[in-house]
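Please open the structure in a viewer and keep the selection tool at hand.

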Amino acid sequence: MRKPIPLLVAALALLLLVPVAFPHLKFVITLAVAKGFAALGVALLLRGGLISLGHAMYFAIGAYATAFLGSKAGVSDLVLLLVASTAVAALAGLVFGAFLVRYRAIFFAMLNLAVSMVIFALTSKLYGITGGTDGLRVAVPTVLGWAPGKAAFDGFLFYLCILLMVVLGWLVHRYLQSPLGHALSAIHTNEVRLEYLGVSAWQTLLTSYTISAALAGLGGALAAMSIGHVLPEFAFWTESGHLVLTAVLGGIGGVAGAFIGSVFLEILHTVAVGVAAEAWNLIIGLALICVIFFLPRGIYGLIEARRGSTKETGL
Amino acid sequence: MTSNSASAQPLLRAEDLAISFGAIKAADGVDFALQRNEFVAIIGPNGAGKTTFLNLVTGYLKPHRGNVWLDGRPITRMAPRRISRQGIARAFQIPQLFTDHSLIDNLMLAIAAREGIWQGLTPLNRRAYRDEAMEVLELLGLAADAETMTGTLPEGLRKLADITLAFALNPKLLVLDEPTSGVSSIERFRIMETLMNAMRRRGLSALFVEHDMEVVQKYADRVVVWNAGHVMAEGTPAEVMSNPEVLESVVGVV
Ligand SMILES: Nc1ncnc2c1ncn2[C@@H]1O[C@H](COP(=O)(O)OP(=O)(O)OP(=O)(O)O)[C@@H](O)[C@H]1O
Ligand SMILES: [Mg+2]
């Protein structure tokens, strides 16, 4: 069950070179990693056998929290903004999750979608608070007293995203290896047995739901800072669908999958849009079909498969 | 049989338990008691309500009427996870496993659940759990399959794997639903022998549903005969086997 560490380190090194080697990709990658956090949240729930079709709402909640705290509450410190926005999304996840994780399968998926549509409607209509369909501007934050210009901040944010990806990715990985993480995937295969072992499926799922909302919220806050603007569309259902697609494409076998999927899709998007506007949907559709039929464990499964074969001969 | 069974508080007691599914009365006023350290076998024809009784006792089904006590404390209508924490562990007639986990991971998860699942970021896979899990697997002759995904184990081994999960909880009362069905008749005795010996050593009590009368005779202190949702007769294996009514209703299906 060990990770293919050398390959991941190589990919990481490549990412770190992006601002130098491909400066125009810096923004794309920052956004990809931000969305990767949300996709990781979705992937966590997939491990428990639950598909959320509404997780973009937590991404939006994190983004709006950052925008709101910055523009209306006068908070400008980056650390404070990130922590507070993540906490707001986590709290929302805890409150909605307490009710949502009682449901399974299509009911869970649809109820998440329903709640996210309410959030979308609220962000569009509550003009006084959310700026309605115009959204809110996000000012460039300060970093522990340092007030960088937009360009300097973007450079900083890029590396911060990579750092957070590594640190939080590692923590989530540890969580999945812990008893509670194993209990999560056990719900997927046999909830009855889990309850008979004395473990509450509800608590197990609520924990993972709250973590997943926090991850999505953090992603939203990072995206808000990177884009400099938040819009109700962040919570729209197509965004939620995109997150599920990213998680499945990347592979839910490991934490890295969500980020690999997200970076892959964002780069593909950039390239495809350059060619022709319609090409994007076509390419995405074909990519997804290929993954489902040939790589059931996602792109990440490709990397892992190399180890799988050595493991088999070892046994 | 325990010598002080008349005065001691029973470990498990059920009174007037009843549940029906439509017109079928699967439990129809069941009274039942099991003493500490006692091994009780439940026998009865197919559809008599044996599994239903276990479902009622372990909280999977809520009775329409009646009560259950463990160690004198009421457990009626509690959820399975709470009853499990009170000390009743169950193995199922149809194995209930985490099919995407290896056998040893299944077992380590059961051990972690027993110790409390909230353990921060400490990995499940740790020395102490692994050692204990291997001990249990060796006890039941499953050590060679430790790393196999339980979903791919053959039926007989899945059944044993299911028993190890209940056993690992170290319960006061182990409930087994036809533990040896799907296991070859030679294996049957070896398994029951190890299991029952281990349970005696730990001072556990057992309640098991069993179709094989030879197994019942060998390992049960007392036999309770089920028929059409109620207890039809009970006694020592010898007493029950010499009861003509029992022979007529049960032996036909054995
Ligand atoms: N959940 C349920 N819904 C409807 N009917 C049920 C349910 N559970 C059990 N029954 C019915 O209740 C009766 C008793 O079933 P039960 O499974 O308890 O029998 P059993 O004694 O365990 O039989 P077997 O020896 O075949 O395992 C049967 O007629 C069965 O069809
Ligand atoms: Mg049965």
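Begin by selecting B:Asn55: leaving aside its neighbours within four places in sequence, B:Asn55 is in contact (heavy atoms within 4.5 Å) with B:Tyr60, B:Leu61 and B:Arg90. This is a predicted model, in which local features need pLDDT of at least 70 and side-chain atom pairs count only at pLDDT 80 or more, while totals for chains, interfaces and linings use all residues. Residues are numbered from 1 along each chain as its sequence is written, chains are lettered from A and ligands numbered from 1 in the order in which they are written, and side-chain values use heavy atoms, with hydrogens and water left out.

B:Asn55 is found in helix α1 of chain B; helices are DSSP runs of H or I with at least four residues, and strands are runs of E with at least two, numbered from the N terminus. With a relative accessible area of 12%, B:Asn55 is buried (under 20%, with exposed over 50% and partly exposed in between, for a 1.4 Å probe and protein chains only).

Next, select the magnesium ion (ligand 2), which B:Thr51 (OG1) and B:Gln93 (OE1) coordinate at 1.9 to 2.2 Å; donors are N, O and S atoms within 2.8 Å of the metal (3.2 Å for Na, K and Ca), and water is not among the atoms, so sites may look incomplete. B:Thr51 lies in helix α1 (residues 50–57) of chain B and B:Gln93 in the loop between β6 (88–91) and α3 of chain B, so the pair ties together parts that are 42 residues apart in sequence. B:Thr51 is partly exposed at 25% relative accessible area, and B:Gln93 is partly exposed at 31%.
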